[in-house]
Amino acid sequence: MNLSVYSIIKANQEKGKKSLALLLDPDKIDLQQIHQTIQLLNKISPDVLLIGGSLMLSDKLNKVVEAIKAQTEFAVTLFPGNSLHISDKADAILFLSLISGRNPDFLIGQHVHAAPVIKRAGIEVIPTGYLLIDCGSVTTANYMSNTTPVPYNKPEIAACTALAGEMLGLKCMYLDGGSGAAKPISPEMIKLVKQTVLVPIVVGGGIRSVEAAKNAYEAGADMIVLGTIFENNTELATEIAAVREQLSVSIPSK
Ligand code: 1GP
């Protein structure tokens, strides 16, 4: 039986195993060359494969999901920028509520449009608290969501926001500096969020070195997300991906 995507993340967390997610932007995938992407996916073997982004120009979402499903065993999880970014070919969706912001459209509005579509598609829903963090540049996610990100040096705001999200029943927290962020989220912020909530913590945005990955994992990230580096430097992405093995510890099951 195939495990649900959330149960993989949760089981890894409980075992002390660090998880890795790769994020593919459909706009940047050349469908003629997708076998190359697939080769790399097989090499890196992420725990979670995310597809999506804040803004999509092309109509390739469905095609990319279909091609990956046809040629690999990976479960495909949608990382949508809005309610149009849904493919019924996917396995799961991060149902993101942008709880760091005060824009009702991204807290609940888009969700109302998306809910019946997701229900019909029958895909796994992962209720996710999405926190945008100011990591030194205005990212597409910030601009498109029309929200103020959490200030870089205010870990307590991120922690209280994550706690509120957990109290509302969200099943994981995604701290995101946004694609191509100038710097990664600070270890201090990740650490405080980790100390505050029990749900799995996902950290992404600007992770482009082994050191940045280690810092995020050691501070408490259960899963890191690599996007830009996977697009730009697959060799380095492979090295970064190996960090999770070195840092995983073995927690005996209860
Ligand atoms: C963006 O967290 C992801 O939402 C990945 O960010 O592209 O900077 O790796 P990068």
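Tutor: Helices H7 and H8 cross in a right-handed way (the near helix is turned clockwise from the far one by less than a right angle). The model is predicted, so local features need pLDDT of at least 70 and side-chain atom pairs pLDDT 80 or more, while totals for chains, interfaces and linings use all residues. Residues are numbered from 1 along each chain as its sequence is written, and side-chain values use heavy atoms, without hydrogens or water.

H7 spans residues 187-196 and H8 residues 210-219 (helices are DSSP runs of H or I, at least four residues, and strands are runs of E, at least two, numbered from the N terminus). Their axes lie 8 Å apart at an angle of about 25° (lines fitted to C-alpha atoms over the stretch in contact, with angles from 0 to 180 degrees between N-to-C directions). H7 and H8 are therefore roughly parallel (under 35 degrees). Pro187, Ile190, Lys191 and Lys194 of H7 meet Asn215, Ala216 and Ala219 of H8 (heavy atoms within 4.5 Å). By class, this contact has 4 nonpolar, 1 polar and 2 charged residues (nonpolar: Ala, Val, Leu, Ile, Met, Phe, Trp, Tyr, Cys and Pro; charged: Asp, Glu, Lys and Arg; polar: the others, Gly among them).

A second pair is H2 (residues 34-44) and H10 (residues 234-247), whose axes come within 10 Å and cross at roughly 25°. That makes H2 roughly parallel to H10. The crossing of H2 and H10 is right-handed. Leu40, Lys43 and Ile44 of H2 touch Thr234, Ala237, Thr238, Ala241 and Arg244 of H10. Their classes are 4 nonpolar, 2 polar and 2 charged.

The largest pocket has a volume of about 450 Å³ (the space filled by probe spheres set on the points, which are joined across faces, edges and corners). On a 1 Å grid over the protein atoms alone, a cavity is a set of points where a 1.4 Å probe fits but cannot get out, and a pocket is an open set with protein on both sides within 12 Å along at least five of seven lines; lining residues have an atom within 4 Å of a point. Of the 31 residues lining the largest pocket, Leu23, Gly53, Gly178, Ser179 and Gly180 lie nearest its centre. H9 gives the largest share of this lining, 3 residues. The lining of the largest pocket holds 12 nonpolar, 13 polar and 6 charged residues.

The structure also has 1 cavity of 30 Å³ or more. The largest cavity holds about 40 Å³, and its lining has 7 nonpolar residues, 1 polar and no charged.

Terms used: Angles under 35 degrees count as roughly parallel, over 145 as roughly antiparallel, 65 to 115 as roughly perpendicular and the rest as oblique.
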